[in-house]
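Here is a short tour for anyone who likes to read a fold from its contacts. Have the viewer open and follow along.

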Amino acid sequence: MTTDSDEFATRAEAFEASENRPANSSTTANLGDVVQARYPSRRSLLRGMTAVAAVTAITTPLETLVSRAARAASAPFTFAEIEHGIDETHHVSEGYDADILIRWGDPVLADAPEFEPSAQTAAAQALQFGYNNDFVGIAPLPFGSGNSTRALLCVNHEYTNEEVMFPEIRRQDEIGFPDMTPELVAIEMAAHGGTILQVEKFAGKWRPARDRTYNRRITADTPMQISGPAAGHDRLKTKADPTGRQVRGTLNNCAGGITPWGTYLMAEENFHGYFWGKLSRFHPEVRNYKRYGVPGNWYVWGRYHDRFDIAKEPNEANRFGWVVEVDPYDPASTPVKRTAMGRFKHEGAHPIINGDGRVVIYQGDDQQFDYLYKFVSEGRYDPNNRAANRDLLDRGTLYVARFDADGTMSWLPLVHGRGPLTLANGFASQADVLIETRRAADLLEATPMDRPEDVEPNPVTNAVYVMLTNNSRRKTGKADAANPRTRNMFGHILELTPPDGDHGAKTYRWDILVMCGDPSKPEHRTRWGSATSENGWFGSPDNCAVDHQGRLWVTTDQGERWARTGTADGVWALETEGSGRGSGRMFFRVPVGAEMCGPVFTPDDQTLFVAVQHVAVDGAKDYKPFGKVSSFADPATRWPDFDPKMPPRPSVVAITRNGGGRIGG
């Protein structure tokens with residue numbers, strides 16, 4: 001999500017602005033200063049090169065360039081590229097089908113009613129597919145089989161847009177929520193969380209399975225446990241839960257991950273927006289909540305539920321902003337919030353098994369000037385004993401990244417008692433460090449980034465790709481080596497290289513893979529591979545996926561500002577090796593007002609699942625054939641049903657190749 005304005009036309013844009021408005025007041029030195037201090041003799045070199053090329057010359061060592069030249073992707077992309085553009089439907093490369101698998105409101109549980117958009121109830125929504133599907137993960141059936149025709153899809157439901165969900169309801173946060181009722185709030189709460197859906201491939205096409213044994217809805221009311229170092233801490237105790245170990249629900253689940261032992265990681269992102277009220281200026285949580293933007297006042301839930309009013313329940317917000325682990329193979333299991341992985345606005349939680357058996361999970365904190373993290377487990381993964389891996393994420397070390405201008409990066413441990421993380425700075429225990437992860441990272445002088453969103457390790461090459469979506473508030477003089485553009489409207493992608501493939505190492509090398517935007521416009525200051533066509537560039541990288549050939553695919557989220565590129569969000573294949581490194585190719589495009597999320601491949605790479613969310617919302621007024629803000633009765637598009645009785649519906653799409661075969665060639 002992205003914006004650079006303080007005037008917001010849609011709920012999505014308000015979310016974006018709240019995400020983007022920096023909450024980090026750290027005075028950590030910018031790496032641009034480090035570059036000049038370290039390389040004063042290179043000024044003549046810098047004058048003769050573009051800023052990005054100069055940074056690359058500084059940060060990419062010869063040994064990295066040589067090793068990269070020796071590698072090549074296992075298979076080239078050979079699909080026919082589609083064109084930039086925007087209209088009321090989706091588009092996919094010629095020779096492929098993009099089929100709607102499941103839509104908001106479709107039945108999930110066996111007793112779910114059919115969707116009635118003008119007669120919604122919370123009871124029905126709790127049994128139906130939720131709203132704004134984001135992350136999509138695959139858990140093959142049976143567990144450990146690698147099956148590519150039967151699976152559990154694990155889908156996050158990030159947030160709701162009441163103005164296109166409910167009849168005769170305007171966007172509410174702008175006008176004080178006059179139209180909201182307890183029942184509408186209950187529907188919103190039931191539409192959040194996640195869905196576990198059993199799916200099957202039949203006659204070459206995917207469908208929800210008739211067997212619904214594993215199907216499950218997780219909502220903002222689902223009972224959950226809290227585990228790890230912060231569990232039971234006084235700052236997590238409430239009137240409803242004096243133990244500090246039980247919590248109801250999960251909120252604003254953006255990207256996520258699937259562990260090697262088959263569990264589903266739901267990453268809580270913009271939790272702050274669900275709280276309202278005001279703390280006394282003397283309350284001990286004031287500094288903590290300011291760093292996270294609590295209260296965000298996006299919803300009216302606090303009017304009807306005391307736990308979302310920080311004046312009445314001041315600790316409740318500390319119980320959100322975590323990674324939630326769910327066992328999709330056991331519908332009766334209790335989800336667990338794993339506090340060892342830190343509390344911030346998580347965008348994704350992608351694991352990889354290190355060579356020594358430890359689990360490493362990469363995470364971005366999605367806000368301008370916030371940080372990149374990784375968690376390294378203390379215990380080792382046991383591939384022969386699923387139960388032995390159950391609590392691996394409760395013990396380990398959380399690290400935050402610092403990028404240096406010589407092309408190295410350091411992982412700084414967020415451990416109580418080390419460096420400034422002591423009682424003198426307000427950290428009495430490891431629980432305090434994790435509850436206030438952002439402030440702890442500030443004190444360690446981590447590198448403030450341009451909105452780190454999805455972070456994906458490549459198990460084939462061991463590279464790690466970091467999506468940096470944008471940062472319109474990076475001012476002149478505040479650029480640095482890893483974030484080299486001021487007023488970065490289009491984002492960029494970093495490639496991290498752990499030494500000898502060791503994801504547990506404390507020092508990596510890093511490089512810039514692409515600088516996004518339109519290469520035909522010099523003012524965008526882009527960097528793309530030479531094979532990038534007029535349709536192969538993109539702006540605002542958000543999510544990504546690595547297929548089983550080790551090839552990178554990127555999805556975008558331009559938010560309200562898609563008009564700056566003139567094209568809808570979509571899916572691009574991006575070369576990472578060989579002579580075509582940094583070259584993009586456009587594969588799929590969403591309808592007007594939508595965001596592209598959740599790319600994931602089946603084990604045989606013959607299906608790509610993607611999620612299309614907040615259809616008809618973002619930038620509808622800039623879509624010339626429509627020219628106004630969408631509503632339930634009059635949306636910019638009625639995708640995917642195109643039925644006058646149906647509003648636009650966020651949906652999961654299954655992309656397959658005509659006649660079968662690997663996606664992308």
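The protein holds twelve helices and 31 strands, and the model is a predicted one. Of its 665 residues, 64% are buried. Among contacts with a separation of 6 or more, 66% join residues 24 or more positions apart. The accessible surface comes to about 22600 Å², and carbon and sulfur atoms hold 51% of that area.

In soluble globular proteins, nonpolar side chains tend to be buried together. Here the largest nonpolar core has 83 residues, and the members that touch the most others are Trp301, Val400 and Leu414. Helix 8, spanning residues 182-191, gives this core its largest share, with five residues. There is also a second, separate core of 31 residues, which includes Ala98, Ala545, Leu608 and Val615.

Which residues does Leu414 contact once its neighbours within four places in sequence are set aside? They are Tyr373, Leu398, Tyr399, Val400, Leu421, Gln430, Val433, Thr437, Ala440, Ala441 and Leu444.

**Around Leu412**

Leu412 belongs to strand 19, residues 408-413. Is Leu412 buried or exposed? Its relative accessible area is 13%, and because buried means under 20%, Leu412 counts as buried. Leaving out residues up to four places away in sequence, Leu412 touches Leu398, Tyr399, Val400, Arg402, Leu444 and Ala446. Ala401 sits eleven residues from Leu412 in sequence, with a C-alpha to C-alpha distance of 6.2 Å.

Five strands form an open sheet in the order 1-28-27-26-25, with antiparallel pairing. Strands 1 and 25 stand at the edges and have a single partner strand each, so one side of each is left without a neighbour in the sheet. Within the sheet, strands 26 and 27 pair in the antiparallel sense over four bridges. Val554 stands opposite Trp572 of strand 27. Such pairing in a sheet runs through backbone hydrogen bonds, either parallel or antiparallel.

How values were computed
Residues numbered from 1 in each chain as written. Predicted model: local features only at pLDDT ≥ 70, side-chain atom pairs only at ≥ 80, totals over all residues. Heavy atoms only, no water. Helix = DSSP H or I, 4+ residues; strand = E, 2+ residues; numbered from the N terminus. Buried < 20%, exposed > 50% of the residue type's maximum accessible area, 1.4 Å probe, protein only. Contact = heavy atoms within 4.5 Å. Areas by Shrake-Rupley, 256 points an atom, 1.4 Å probe, with all protein chains shown as cover. Core = buried A, V, L, I, M, F, W, Y, C linked by side-chain atoms within 4.5 Å. Pairing = 2+ DSSP bridges.
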